Amino acid sequence: MDGFTHLTVESAECGAPAVPVEVAASYRARTRGLLGRDGIEGVMLLTPAGSVHTFGMRFPIDVAYLSRDMRVLAVRTMSPHRLGRPRPTARHVLESAAGAMARWGLRAGARVRIRPVVSGPG
């Protein structure tokens with residue numbers, strides 16, 4: 001279900017902030033992703049997803065590939081107009097502004113926890 005929620009990084013030190021999440025679970029929302037935006041506060045969760053591209057993007061992004069159990073498989077920074085390598089074991093992808101994931105302690109091996117989704121406006 002598309003909507004809004006928050007995530008926390010389990011491996012981050014105590015007191016790590018809850019990060020705002022925009023969930024893109026429908027085909028339409030996943031296809032649109034961050035295209036046409038000038039930035040993002042927090043992250044976008046694409047689910048299900050195993051790869052991304054940045055064609056048409058206006059800013060560089062951090063991409064985290066997540067397993068079925070929400071463990072981070074890899075984190076990459078992608079410039080606009082690039083095609084990401086598919087990750088066959090990834091079931092979800094997080095996208096944020098470049099540099100944000102490092103500030104949150106989100107790295108390979110970490111597990112993220114996502115609160116239940118609250119439906120978005122509309």
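The model is predicted.

The sheet is open and contains seven strands, in the order β5-β4-β6-β3-β2-β1-β7, with mixed pairing. Its edge strands are β5 and β7 (112-114), each of which pairs on one side only. On average, neighbouring strands of this sheet are turned by 30° against each other, direction ignored. As a general principle, the strands of a sheet pair through backbone hydrogen bonds, in either a parallel or an antiparallel sense.

Strand β4 comprises residues 61-66 and is mostly covered, since six of its six residues are buried. In a regular strand, side chains alternate between the two faces of the sheet. In β4, Ile 61, Val 63 and Tyr 65 point one way, while Asp 62, Ala 64 and Leu 66 point the other way. Both groups of residues are buried.

In the order of the sheet, β4 stands between β5 and β6. With strand β5 (residues 72-78), β4 pairs in the antiparallel sense over six bridges. Within this pairing, Tyr 65 stands opposite Ala 74 in β5. With strand β6 (residues 92-97), β4 is joined by six bridges, and these two strands also run antiparallel. Here Asp 62 stands opposite Ser 96 in β6.

Strand β6 leads onward to strand β3 (residues 43-46), with which it pairs in the antiparallel sense over four bridges. The bridge partner of Leu 45 in β6 is Leu 94.

Pro 48 lies in the loop between β3 and β4. The peptide bond that joins Thr 47 and Pro 48 is cis, with an omega of about -5°.

Strands β4 and β5 form a hairpin with five residues between them. Met 70 lies in the loop between these two strands, and its phi is near 70°, a positive value in a residue other than glycine. Is Met 70 buried or exposed? Its relative accessible area is 16%, and the cut-off for a buried residue is under 20%; Met 70 is therefore buried.

His 81 is found in the loop between β5 and β6. This residue has a positive phi of about 70° although it is not a glycine. The relative accessible area of His 81 is 47%. A residue counts as exposed over 50% and as buried under 20%, with partly exposed in between, so His 81 is classed as partly exposed.

Conventions
Residues numbered from 1 in each chain as written. Predicted model: local features only at pLDDT ≥ 70, side-chain atom pairs only at ≥ 80, totals over all residues. Heavy atoms only, no water. Buried < 20%, exposed > 50% of the residue type's maximum accessible area, 1.4 Å probe, protein only. Pairing = 2+ DSSP bridges. Axes fitted to C-alpha atoms, helices over the stretch in contact; angles between N-to-C directions.
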